[in-house]
Structure formats: structure tokens, C-alpha cells
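Please describe the interfaces in the model shown here. Keep it short and define the terms as you go.

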Amino acid sequence: MIDQPSAPDLLDAMAATLAESVVPACEGPAQHAARVVANLCRILAREFQHGADATSQTIADLQGLLGNNAVDADALVAELEQRLASADSAFDDDELFRVLKANVDRRLAVAKPGYSDN
Amino acid sequence: MATGSEPDLTEGLAQVVAEGGIASPSVEVTGVASAGATRRTLFLTVESGTETIPAVAQISSAKSLLGASMTVEDEAKLVRLAESVGVPVAGVLGASENNDLVGGPVVVTRRIDGPTIPRHVLRLLDGNPSIRETLIAQCGQALAKLHQAGTDGAPDSLPRLDAGHPAESYVQQLHLTLDGIGDPYPVLRYGIRWLGENLPLPAEKPAIIHGDFRNGNLIINETGLGAVLDWELAHIGDPMEDVAYLCMRTWRFGAEAHPAGGFGSFDQLRDAYEVAGGTWREDAFRWWLTARTAWWGIGLAFQADNFANGTTNSIVHAASGRRVVELEYDLLSLIEAGL
């Protein structure tokens, strides 16, 4: 009823194949592209596992910060950007920074784990 | 990789170096380098009489995504000016805006040995750690010399960021560039807002700024800094912008133990810069470090936007969208340290 391997497992296998077989067999721009695609596969594997939770947490944070109960993450992010661009100063500075930092940390855990260790 | 099948190109290149002062040259294209998103780079051999000159041609195919409005002829003038004040450069053999010669604006320079690809440079330094100390000092010296060259001899089309307050103008530019991107980036917007609220005092005098001085745009070899390349983002502005740019985390390419460029420490860079006559302003350094971090975050978002809107189908530009968060992290870390 459920196809195997799972999407994250397949993506990890695709990344490994690219990195171990394709990258060494290429040179120049093609090698660079293969490296980039391998890395994107790893990112997508992590996004499959953690992306939905991260988005839910961002929605909850933004609802609190903006006082808006919308459930569409894109709309909430757009509202925050628009209010920041219009120099809206009605934010609690500490809470604003916390929300931005928490969002970045969650996205970084998907895009580049370990980056915040340094 | 021989590309001797491009006779028109070699004739055009010969004309460019002849106009640059090389007597009766003949040119052979010996290879094609891959680096550079908006420029094609060719390896050449230029023969003139009994002299054989290894050379490089950079042929522009399109205007750079962010800024770059200088002509290649003015860029060549600028490189000659930098050379005259002691900045190591690849000497210019010729430059032309005439698209009929090789299909686009072109600069031909002498070829200097040594890698420019960041990963290759870091590998060289890992294998020869003693180069690092020389290299970081040479970077500080080169920047200090450039910044003391004065702006009187600057080419006419060199962009200026010195009307009023360079930092304030820069904040406006960042806002406008971000406005032009389809998707919202609240962290970048927050960062620009912070920059606008925390402007540093301007430098006493504006200076010629390289604008892209970092691993990837430098030839590094056993002697250290072989040449400073890629002058197309040069402009007149705050000297601390250049020094700070080299220190952005993203240009360390993972060499976190060496925060200044992936080569050395901030203190080593500062010492060399000051010994060579530069004036280090710590507040401005920190501000420009933050500002250029925001700029590159916007740059990556711009590349991703160009993929999203169909301007490019480059997978590298698509992947840039997933790198914006690294710059956002760096940006918030710098702001947090300055709060």
C-alpha cells in the first residue's frame, strides 16, 4: 500500500550516487552542477522529515507576533515583510528578534545542519 | 581543450592587444576556463616578436546582476591605477568595448600562475600553512594601498557611493534591490532596517573600493597574493567596506579557523592594513560587515527569484534560494553581537 523506499531514503540515495559516481566522473561546470544537485537532494530529504513541523512552528510564531490568526504561512510572512518595510514600529523588539531567529534556526537545520555550531 | 577553431576570435583578440601596445601580436586560444557567471574566460598565448606572453581574455556576455556599470576600458584604467600604487594585479595587455571584435566587451591581461577557485586555494593553504601569514598581510597591504590612491585618477564611469553618506545611500540601494524581488524576505528586511538605524560615521575621505575582494577573485600561489582580479564591482565609497567584505563568513568557504577571508585573523588583517597606512574604523568595519552580509543574502534571493520567474534555468541559481538562510543567520548573529 505504501511504495518503498521512502522519499527521504530515495533522495539520500540519489545524493550518494551523484556524489560518489557522477561528481568524480565529471569536470568543470557539469561537476559543479552535480555537486549542487547532490546537496539539494540532501536538503529535500531533510525537508521531507522536518519541513512540515518547521512551517507549523513558524505559523504559530507569526500569528502571535502579528496578532493575525491566518493559517497561510506565505500570507503571514508577506504581512511581516510588508510591516517591516513600512517601518512599522509596533513590534516588541525582543519578540520580533526571537521569532526571526527561531525561523532561521529551523530553516538552517534543513538547509545546512551544523552551520550554527560555529 | 584546444580551441584553435576560432580564427575570428584570435584576430579580434590580436587587435585588442595591438591597440594596448603589443607590437605585431599573434594570439592562440589555448583553453577555456569555466569561472564567472557573466564572463567567458579564455587562456591565450600572445606572441610578439621573440616574446611569448601567457595571457587571459575575459569576454563579457551580459551585465552583472548586481550593479556593475563601469566600461571594460575604464576597468582596465582602474587596474593600471591600482598597479601603479602597488596592488598586485594581472597586468592589462588590452581592453575594448567594441562588440565587433570578439562578440562582447573584452579585457586581456597577463596570466599569473596560481588557483582562484576557492576550494583549490584552501587546499593549497592547507598543504602550505605558512603561506597564510604572508597572504593575510598582503591582503591588508593591497587594500590599504588601493584606499590611499585617492579618487582624482578614478575613471569617469567608476560608480560613486560618496554623495553625502555612503552608508545611508547603501541602505537605500539595499531596500530598492529587495523591493524588486518577488518573494518576501522579512529577515533581510529587518537587517536593512537595523542598518538604517545604526549608521556609522562616514570616512574622512571616500576611496576607490575594489568591491569584490575575496577568495575566488584573487590568484593565490606559493608567494601568497599573486593578483587581485575581477574589478567590475569597483566603486568609490567607504574603505571599510572592502576590508569588511573580505571578512564575511560566506567567503571563508568553511575555513572557520581563519575568519579574515579564510586566510587569517581580523587582528592580522587590521595590523597589516594599519602598518601600510590605512585607517581602521571598527564601528564602520562592523557595520559594513553586516551590510555586505545583507547584500549577499539579497543577491542569493535575487538569483533564486530569477529562477522562479524564468529568467534563468540554472540549477545553481535555483539552489541559491536555499542558501539565503545562511546569510540570514550570519546577519542576525552580527546584529545580535552589536545590540
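The contact between the chains (heavy atoms within 4.5 Å) takes 33 residues from chain A and 24 residues from chain B. This is a predicted model: local features need pLDDT of at least 70, side-chain atom pairs count only at pLDDT 80 or more, and totals for chains, interfaces and linings use all residues. Residues are numbered from 1 along each chain as its sequence is written, chains are lettered from A and ligands numbered from 1 in the order in which they are written, and side-chain values use heavy atoms, with hydrogens and water left out.

The size of an interface is often given as the accessible area lost when the parts come together. Here buried area is the accessible area (1.4 Å probe) that two parts lose on being put together, summed over both. Chain A and chain B bury about 2700 Å² between them, and carbon and sulfur atoms give 67% of that. On the chain A side, Glu81(A), Phe97(A) and Tyr115(A) lose the most area to chain B. Together they account for 25% of what that side buries.

Glu81(A) also takes part in a salt bridge: its side chain meets that of Arg189(B) at 2.8 Å, N to O. A salt bridge is a side-chain nitrogen of Lys or Arg within 4 Å of a carboxyl oxygen of Asp or Glu.

Which helix supplies the largest share of the side of chain A that touches chain B? Helix 2 of chain A does, with 10 residues. Helices are DSSP runs (H or I, at least four residues), numbered from the N terminus. By type, this side of chain A divides into 20 nonpolar, 4 polar and 9 charged residues. Ala, Val, Leu, Ile, Met, Phe, Trp, Tyr, Cys and Pro count as nonpolar, Asp, Glu, Lys and Arg as charged, and the others, Gly among them, as polar.

Domain 1 of chain B gives 22 residues to the contact, and domain 2 of chain B gives 29 residues.

The table sets out both interfaces.

| Interface | Buried area | Salt bridges |
|---|---|---|
| Chain A and chain B | about 2700 Å² | 4 salt bridges |
| Domain 1 of chain B and domain 2 of chain B | about 2000 Å² | 0 salt bridges |

Conventions. Helices (H or I, at least four residues) and strands (E, at least two) are DSSP runs, numbered from the N terminus.
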